[in-house]
Amino acid sequence: MARDVLTLGQIRIHSGSVSQEEAMREAADILQTAGAVTGAYFDAMQQREVAVSTYMGNELAIPHGTNDTKDTILDSALSFVRYDGGVDWGGEPVTFVVGIAGKGDEHLEILSQIALLFSEDEDVARLKAAQTPEDLFRLLSTVNEA
């Protein structure tokens, strides 16, 4: 990948809770603002969620589009939002919503980096304890090394 998929401006922390749809909308909006997706990407995320839940375990959901909606992706990027109040993700408790857009097959490399970050309980605890988006960015910097 020629550029970083995650920048400081694509990371947010919210103290409250939102609905699953609101969390997906924010993920899509951040990706759109980053120039990675078109306005139709939110609908693509919703289509994926209807087909199969993007809940991954360890308080993580990774909403993304379907293979049929690849034309809505302009570039590879991530959005990372922590909801300290949680999100009910189809009955599962989610704290972290990581929106992903991958040009071509780049999403596979990005997903493997995210999976590594969320595979250890200690790493998840560090992500939950981060006080600022800057702290989160430091903890997440490996995603740009994919």
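Analyst: Start with the classes of exposure: a residue is buried under 20% relative accessible area, exposed over 50%, and partly exposed in between. The model here is predicted.

User: Is G35 buried, partly exposed or exposed?

Analyst: G35 has a relative accessible area of 38%, so it counts as partly exposed.

User: Where is G35 placed, and which residues does it touch beyond four places away in sequence?

Analyst: Contact means heavy atoms within 4.5 Å. G35 lies in the loop between α1 (20-33) and α2 (41-51). Leaving out residues up to four places away in sequence, G35 touches L74 and D75. L74 is 39 residues apart from G35 along the chain, and their C-alpha atoms are separated by 7.0 Å.

User: What share of the contacts in the chain join residues at least 24 apart?

Analyst: Taking contacts between residues at least 6 apart in sequence, the share is 70%.

User: Which pattern do the helices and strands follow?

Analyst: The chain has five helices and five strands. Read along the sequence, their pattern is β-α-α-β-β-β-β-α-α-α.

User: How does the radius of gyration of the chain fit a compact globule?

Analyst: A compact globule of 146 residues would have a radius of gyration near 15 Å; the chain has 14 Å, so the two agree. The C-alpha trace spans about 35 × 35 × 25 Å along its principal axes.

User: How much of the chain counts as buried, and what makes up its accessible surface?

Analyst: Of the 146 residues, 44% count as buried. The accessible surface comes to about 6900 Å², and carbon and sulfur atoms account for 50% of that.

Methods: Residues are numbered from 1 along each chain as its sequence is written. This is a predicted model: local features need pLDDT of at least 70, side-chain atom pairs count only at pLDDT 80 or more; totals for chains, interfaces and linings use all residues. Side-chain values use heavy atoms; hydrogens and water are left out. Helices (H or I, at least four residues) and strands (E, at least two) are DSSP runs, numbered from the N terminus. Buried means under 20% relative accessible area, exposed over 50%, partly exposed in between (1.4 Å probe, protein chains only). The radius of gyration is taken over C-alpha atoms; the globule rule is 2.2 Å times the number of residues to the power 0.38. Accessible areas come from the Shrake-Rupley method with a 1.4 Å probe; for residues, only the protein chains shown count as cover.
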